[in-house]
Amino acid sequence: MANGERKQDRRTLYTINTIKDSFLKLIQKMPFSKITVTNLCQAADTSRSTFYLHFESINDVLNAVLDDAIMAASPADLATDAMGIDYLKDKESLIPTCQRVGANSKYRQLLLDPDLSEYIVGRIMVHERDRVIPLIQQKTRLSKKDAETLFLYNLHGSFAVNRANRFQKNEAWNHDVQLLNSFTLNGYNALKSK
């Protein structure tokens, strides 16, 4: 029975991954608002009943894809010293999640969909809040409420700047990231010294 269960789990995982991969291929061709369950089932070569066995809706697939992207991009901690661009090139896990997710061409078009910006930022917020807010508190000695305000500001700002750069790592992006990180670090240091 254990072998049968393992086979079923592998098949289930394969089907779920096929649907998610097909979703990512569709998002390369059309905006999220145009993707239907029918489109997705055709692209994944699966039936509607199989789709609904694993997902409740297109939004459910979107959440699963975003969760995969965010979890793959989550760092162990936040940088504690100066974050120049050379430092970040060696330690990319220390840059904000949206930058790390957008660096993967698999997810970039999803992040560029204008209808999804707020939704994606909200999803990143849910994943990162419990990890980042205590780190901001530690760096600044601020209350949890104030640290959350900085977290929201940094996340929205970082997403907007990266979206403006189309999540492409080039000289303009390097400049902007260095500027943002310097601004944030100096702000943390100023708050901590109060």
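1. The model is a predicted one, and in it α8 has a kink of about 65°, centred on E128.

2. How far apart are the end C-alpha atoms of α8? They are only 28 Å apart, although the helix has 24 residues and a straight helix, at 1.5 Å a residue, would reach 34 Å.

3. After α8 comes R141, which lies in the loop between α8 and α9. Is R141 buried or exposed? With a relative accessible area of 62%, R141 is exposed, since the cut-off for that class is over 50%.

4. In α9 the end C-alpha atoms are 30 Å apart, which agrees with the 30 Å that its 21 residues should span at 1.5 Å a residue. The buried residues of α9 are A147, F151, L155, S158, F159 and N162. Seen down the helix axis, they fall within an arc of 95°, so they line one face of α9, whereas K145, Y153 and A164 are exposed on the other side. The partners against which the buried residues of α9 pack are α6, α7, α8 and α10.

5. Just after α9, R166 takes a positive phi of about 55°. F167, in the loop between α9 and α10, also has a positive phi of about 55° although it is not a glycine. At 3% relative accessibility F167 counts as buried, because the limit for that class is under 20%.

6. The largest nonpolar core has 42 residues, and those with the most contacts inside it are F23, L40, F51, I58, V61, L110 and I120. At least two residues of this core come from each of α1 (2-29), α2 (37-44), α4 (58-73), α6 (97-102), α7 (105-112), α8 (117-140) and α9 (144-164), and the largest share, nine residues, is that of α4. Which residues does L40 touch, leaving aside its neighbours within four places in sequence? L40 is in contact with I19, S22, F23, L26, F51, I58 and V61.

7. The structure holds four aromatic pairs. One of them joins F51 and Y52, whose ring centres are 5.1 Å apart and whose planes stand at 85°, so the pair is edge-to-face. F51 counts as buried at 0% relative accessibility, whereas Y52, at 41%, counts as partly exposed. An aromatic pair of F159 and F167 is likewise edge-to-face, with 5.7 Å from centre to centre and 65° between the planes, and both of these residues are buried. F159 belongs to α9, and F167 to the loop between α9 and α10. Ring pairs also link F51, Y52 and F55 into a cluster.

Key
Residues are numbered from 1 along each chain as its sequence is written. This is a predicted model: local features need pLDDT of at least 70, side-chain atom pairs count only at pLDDT 80 or more; totals for chains, interfaces and linings use all residues. Side-chain values use heavy atoms; hydrogens and water are left out. A nonpolar core is a set of buried Ala, Val, Leu, Ile, Met, Phe, Trp, Tyr and Cys residues joined through side-chain atoms within 4.5 Å. Buried means under 20% relative accessible area, exposed over 50%, partly exposed in between (1.4 Å probe, protein chains only). Helices (H or I, at least four residues) and strands (E, at least two) are DSSP runs, numbered from the N terminus. Contact means heavy atoms within 4.5 Å. The expected span of a helix is 1.5 Å times one less than its number of residues. The bend at a residue is the angle between axes fitted to the seven residues ending there and the seven starting there. The arc is that of the directions from the helix axis to the C-beta atoms. Rings of Phe, Tyr and Trp (its six-membered ring) pair if their centres lie within 6.5 Å; planes under 30 degrees apart count as stacked, over 60 as edge-to-face and the rest as tilted.
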